[in-house]
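Hi,

Here is the structure I promised to pass on. Have a look first, and my notes follow below.

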Amino acid sequence: MAIKIIMLVLFFAVMLGVGVYSRSKAKNVNDYVLGGRTVGPWISAFAFGTSYFSSVVFIGYAGQFGWKYGLSSTWIGIGNALIGSLLAWLILGRRTRVMTQKLDAKTMPEYFGKRFDSQSLRIVGSIIAFVFLVPYTAGVYNGLSRLFGMAFNIDYRICVVVMALLTGAYVVIGGYMATALNDFIQGIIMLIGICAVIGSVLAGQGGFLNAVKSLSEIPADPAVTTAALSDSQGLFASFFGPDPLNLLGVVILTSLGTMGLPQMVHKFYAIKDEKAVKTGTVVSTFFAFVIAGGCYFLGGFGRLFGDMEGVVTVLEDGTTKVAYDSIVPSMLSTLPDLLIGIVVVLVFSASMSTLSSLVLTSSSTLTLDLIKPVMKKDMKEKTQLRLMQVLVMCFIILSVVIAFNPPTFIAQLMGISWGALAGAFLAPFMYGLYSKNITKAAVWASYIVGVGFTILNLFVPMIKSPINAGAATMIAGLIIVPIVSLITPKPDKEKIDEIFKCYDETVVVHKSQSLEED
C-alpha cells in the first residue's frame, strides 16, 4: 500500500507542478485555449494519443470487447492506430491548422459558424458539444473507480473527487499548455505501463503460447457468437473472432469517430509547424499501436479470468451476467504491488489526460460559442479567460454529480457520446476542409441525423447496440452531407474563394523537404 500511495503522491505533485509552470503561458484566450498555436511535434502527438485513450478503453472497452471477441479484439486497436490516428493526421492535420488559423477559429463550433457563415450553426454546435461530452466524462470516472476499488479498497466517490480536483487545478491554472505538457508525461507512463502489465499478466498464465492455447479451448458462447460460426472451435483465439460484423462496428466507432470529436480535432488547431505535422503523424500512430493494440490484446485474454470473484454472476433463472467493467481489474489484481502501483498511475494518467481535454473543450466552447455571441459580444479578453476557468470547475462538478450515479457499462456511455458528436460533426467538418460546395443546409442535416438518431435510438431501439448505432450515424453523415449539398443553394462563391485562398499561399522550403525541377 505504501508503494502505491507514494507513486500516486509523486504523480499528483508533478501534474500540479506542470500546471504552475504553464501559468505564464496562459495569459490570454489564444494561449489558454490553443497554447498560442506553438505546440511542437512530440507534445502534439502525445496530446492527441492520451486524449484518445482513457480508462474507458483500458477498463471498459478492453474488458467488454476482449470478453466478446477474444484476441480478435486486437483489430480494434489496429483500427484505432491506422484510421483513428494515422488517417486522422493525414486527412485533417495540416488542413485543419491552416483553415482554422485563417478563420481565427479556436473551437469546432466556431469553425462551423465562420466556415458556413452561420451564427446559429455555431450556437447549436456548442450546445451539442457540451451536452454529449458529459456522458463520456462519466465513463472516464467509472472506469477509474473500478481500478481504485481493486487497488486501494476505498470508496468510489473519493476517487472521483480527487481526480476531479487535481484535473481542475492544473487546467484552470495552466490551460492548454499545462494539459499538453502533462499529456506528454502521462503518455510516457502509459507506454511503459502497458508493456509491463501485458508481460506480467501473460507470465501469470504460463506465457503467451500457453495463454493462447487455454483461450482456444474455451467453447463458443451463444450470447456473443454469430449464428454462422456457432459450431466453430477456438473462436476466441481466432483471427476474426466469434462475431466479425459487430467487431467491425466497434472498429468504425472507435476509429472513425476521432475525426469528429471536438476535443480530438482541437489538437490540430494548436500545431506549431510542418515538422509538428509530420512527426506527430508518426508518433501518434506508434502510440496508438502500443496503447490501443496493447489494451485490446490484453483484454482478449479476459475469459481466462472468468472464474474470479465479481466477473460472472449466476442469476436465479440460471442465466449468467458478466460484469464487463470488472474483468480487467480482476486480471490486474493478481499482479505484484509495484506493478499494481504502475497500473494505477497508468490509468490515472490516461483518465486525467482525457478529462482535461474534455473540460477545456467544453468550457471554451460554452464561453466563445454560446455565452460571448449570445449574451455579450464585446466581452473583454480577460473576462473570457476568467469565465472559461470558472466553467472548467462547473463542468467538473457536473460530471462528478453524474459520475456518482453512473450508468451500467462504460462502453455504452462512450457509444452514445461518440455517436452523437461524431455523427453530427465528422462529415461537415472534414468535407468543409476540402470542398467549396458544402452548404449550410448540409451541416444542419448532419446535426439532425447525428443527434436525432442517437436520441431516438435510446428510446426506440432500432439498432440494439449503441456502438453499432454510433457507427451508423457517422457513415450516414458521410453520405447525407454531399447529397444535401447537391440539392440545396450553393454558398456565396466570393466568400468561399476567399476562405480557400489559405491553401494556395506560396511558401518557401529547403530542397531537403521538397525536390523541384531546376
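First, something to check by eye: is R386 buried, exposed or partly exposed? Keep in mind that this is a predicted model. R386 comes out as partly exposed, with a relative accessibility of 42%. You'll find R386 in helix α15, which covers residues 381-403. Together with R23, K27 and K382, R386 forms a positive surface patch.

There's a nonpolar patch on the surface too. I455, L456, L458, F459, V460 and M462 make up this patch, of about 610 Å². F459 belongs to helix α17 (residues 440-459). With a relative accessible area of 68%, F459 counts as exposed.

Now the salt bridges: searching the whole structure turns up 10 of them. One of these joins the side chains of E110 and R122, at 3.7 Å from N to O. E110 sits in helix α6 (residues 108-115) and R122 in helix α7 (residues 119-152), so this pair ties together parts that are 12 residues apart in sequence. Both E110 and R122 are buried.

Another salt bridge pairs K495 with D117, and their closest N and O atoms are 3.1 Å apart. Here K495 is in helix α19 (residues 493-500) while D117 is in the loop between α6 and α7, so the pair links parts that lie 378 residues apart in sequence. K495 is partly exposed, at 48% relative accessibility.

Then there's E217 with K213, a salt bridge whose closest N and O atoms are 2.8 Å apart. E217 is exposed, with a relative accessible area of 53%, and K213 is partly exposed at 48%.

How many disulfides does the count come to? The answer is 0, going by a rule that asks for a pair of cysteine sulfur atoms within 2.5 Å. As for individual cysteines, C394 is partly exposed, with a relative accessible area of 41%. C502 is buried, and its relative accessible area is 9%.

That's what I have so far.

Cheers

Technical notes:
Residues numbered from 1 in each chain as written. Predicted model: local features only at pLDDT ≥ 70, side-chain atom pairs only at ≥ 80, totals over all residues. Heavy atoms only, no water. Patch = residues over 30% accessible without salt bridge, like charges linked within 9 Å, V, L, I, M, F, W, Y side chains within 5 Å. Areas by Shrake-Rupley, 256 points an atom, 1.4 Å probe, with all protein chains shown as cover. Salt bridge = Lys/Arg side-chain N within 4 Å of Asp/Glu carboxyl O. Helix = DSSP H or I, 4+ residues; strand = E, 2+ residues; numbered from the N terminus. Buried < 20%, exposed > 50% of the residue type's maximum accessible area, 1.4 Å probe, protein only. Lys, Arg positive; Asp, Glu negative; His and termini not counted. Charge placed at Lys NZ, Arg CZ, Asp CG, Glu CD.
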